[in-house]
Amino acid sequence: MLDLILRNATLQDGQTGIDIACKDGKIVDVGKSIEGSANETIDAEGFLVTPPFVDAHLHLDGALTHGNPHTNQSGELYEGIGIWNQIKSELTIEDVKKRARTVCEWAIANGTLHIRVQTDIGDPNLIGLRALLELREELRPLLDLQIVAFPQDGYLRRQGSVELMAKAIELGVDVIGGIPDFELTTALGNQSITELCELAQQHDLLVDMHMDQTPDLCSRQIEMLTAETMRLSLGKRVSASHCPSIATFNDYYANKLMAQIAQSGMSVVVCPLTAATCWGIMTRVGELFDAGVNIAFGYDCILDPWYPLGNADMMDVGRMAVVFGRLMSPEKQARVFDSLTYGGAKALSLESYGIEKGCFADLVLLQARTPNEALRLQPPRLAVIRRGKVIARREKQSVEISGVGAKINVDFTLPKT
Ligand SMILES: [Zn+2]
């Protein structure tokens with residue numbers, strides 16, 4: 001007897017009429033007309049079934065603090081950092097966990113079951129980090145939090161950061177962060193990249209640095225990250241987050257750099273929502289796709305000093321990537337959707353991820369027929385499944401219009417041809 005079977009699903013690659021059989025937390029069969037019965041059967045009615053969404057860059061320690069102690073008036077990164085610095089010394093474990101848990105619940109309801117959490121380690125007591133490490137364990141039955149030790153105030157610039165990073169590693173973080181553009185000089189930024197990459201190699205941890213977070217066309221430290229990734233053979237264990245300055249480079253240098261990023265094997269994590277508020281530019285998503293770079297996406301900020309809205313729905317991020325990146329073709333839009341799932345999984349080095357025999361039985365059923373329709377509609381997630389069990393469920397939605405003739409049900413899909 002199976003635990004769960006989904007019948008008549010459409011997959012991301014366009015296959016239709018697919019059944020997915022789950023047992024003991026794993027997918028045990030994928031194909032047409034699978035025989036056998038299950039404790040629970042879900043009729044997908046031809047709707048899209050995907051693996052869970054991956055939020056590859058989210059700051060949970062500051063989430064839901066918008067307006068405290070005041071609002072970021074310019075929207076710019078550094079005004080936001082100034083506001084955050086006013087409140088981060090007052091954090092308590094309970095407060096951080098309460099806010100972060102709320103956002104995680106939103107994420108689960110939206111089908112996001114993997115989040116890479118950028119966590120500021122500037123506080124000498126590491127309150128935010130300790131809170132999120134606790135939450136990582138408490139929420140493990142529902143979703144995976146991958147914790148980044150992020151030296152927001154600089155790794156070499158701020159006294160004590162090196163020791164705090166060592167402590168964070170001891171406490172059990174998953175990823176080494178960095179912020180080279182915030183170090184005092186370009187040379188010191190490059191030095192921080194070398195030291196942090198070596199630290200990651202030494203402790204067998206992943207790397208994800210905030211890179212070139214500026215529209216300054218002289219901000220070119222990502223080239224150093226590619227060089228160190230290759231020198232230390234870190235490859236796909238490295239991610240470069242943000243990288244808006246690539247948008248400002250001349251085409252010759254940008255093309256050289258994008259080929260180099262692809263060669264290094266690292267991922268680029270793009271956060272389109274805060275790219276809009278913080279810099280007004282987003283890195284070259286379409287061209288990075290063409291260069292063969294793995295792209296993942298992050299929500300980055302939810303109701304905090306850098307972003308005044310947010311609902312933890314990665315469809316919101318995907319739609320902004322399409323619009324901001326002028327990704328007009330259906331093919332490029334489908335690649336955005338792939339980055340919200342498989343691209344994110346690659347950046348986070350997730351294992352047993354996907355819809356194949358042997359993968360974890362983690363699935364999302366959306367009220368949409370194709371990835372492109374999902375990006376357009378941000379549709380209800382009808383079921384979110386973790387290890388073969390439904391952990392979130394929602395009814396199908398439509399709107400009834402009446403007043404002239406027969407009642408009409410609107411579900412925002414295209415007219416049938
Ligand atoms: Zn960030």
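The second largest pocket in this predicted model has a volume of about 370 Å³. Its lining is made up of 20 residues, and the closest to the pocket centre are H114, D144, Q146, L350 and E351. Strand β8 (residues 144-150) gives the most to this lining, with three residues. Sorted by class, the second largest pocket is lined by eight nonpolar, five polar and seven charged residues.

Now for the largest pocket, which holds about 600 Å³ of space. Here 26 residues form the lining, and Q367, E373, L377, D411 and T413 are the closest to the centre. Helix α12 (residues 371-377) provides the largest share of that lining, namely four residues. The class breakdown for the largest pocket is nine nonpolar, eight polar and nine charged residues.

| Pocket | Volume | Lining residues | Top contributor to the lining |
|---|---|---|---|
| Largest pocket | about 600 Å³ | 26 residues | helix α12 (residues 371-377), four residues |
| Second largest pocket | about 370 Å³ | 20 residues | strand β8 (residues 144-150), three residues |

On to the aromatic rings. How many aromatic pairs does the count come to? It comes to five aromatic pairs, taking ring centres within 6.5 Å as the rule. One of them is F53 with F337: the ring centres are 5.7 Å apart and the planes stand at 80°, so this pair counts as edge-to-face, given that the cut-off for that label is over 60 degrees. Because F53 lies in strand β6 (residues 53-58) and F337 in helix α11 (residues 330-347), the pair ties together parts that are 284 residues apart in sequence. Are these two residues buried or exposed? Both F53 and F337 are buried.

Another pair is F249 with Y253. With ring centres 5.0 Å apart and planes at 75°, the F249 and Y253 rings are edge-to-face too, so the angle settles the label. Like the previous two, F249 and Y253 are buried.

Rings also turn up with charges over them. The charged end of R157 sits over the ring of F182, at 4.3 Å from the ring centre. Likewise, R369 lies over the face of F47, and the distance to the ring centre is 4.1 Å.

Technical notes. Residues are numbered from 1 along each chain as its sequence is written. This is a predicted model: local features need pLDDT of at least 70, side-chain atom pairs count only at pLDDT 80 or more; totals for chains, interfaces and linings use all residues. Side-chain values use heavy atoms; hydrogens and water are left out. Rings of Phe, Tyr and Trp (its six-membered ring) pair if their centres lie within 6.5 Å; planes under 30 degrees apart count as stacked, over 60 as edge-to-face and the rest as tilted. Helices (H or I, at least four residues) and strands (E, at least two) are DSSP runs, numbered from the N terminus. Buried means under 20% relative accessible area, exposed over 50%, partly exposed in between (1.4 Å probe, protein chains only). A charge sits over a ring if NZ of Lys or CZ of Arg is within 6 Å of the ring centre and within 35 degrees of the ring normal. On a 1 Å grid over the protein atoms alone, a cavity is a set of points where a 1.4 Å probe fits but cannot get out, and a pocket is an open set with protein on both sides within 12 Å along at least five of seven lines; lining residues have an atom within 4 Å of a point. Grid points are joined across faces, edges and corners, and a volume is the space filled by probe spheres set on the points. Ala, Val, Leu, Ile, Met, Phe, Trp, Tyr, Cys and Pro count as nonpolar, Asp, Glu, Lys and Arg as charged, and the others, Gly among them, as polar.
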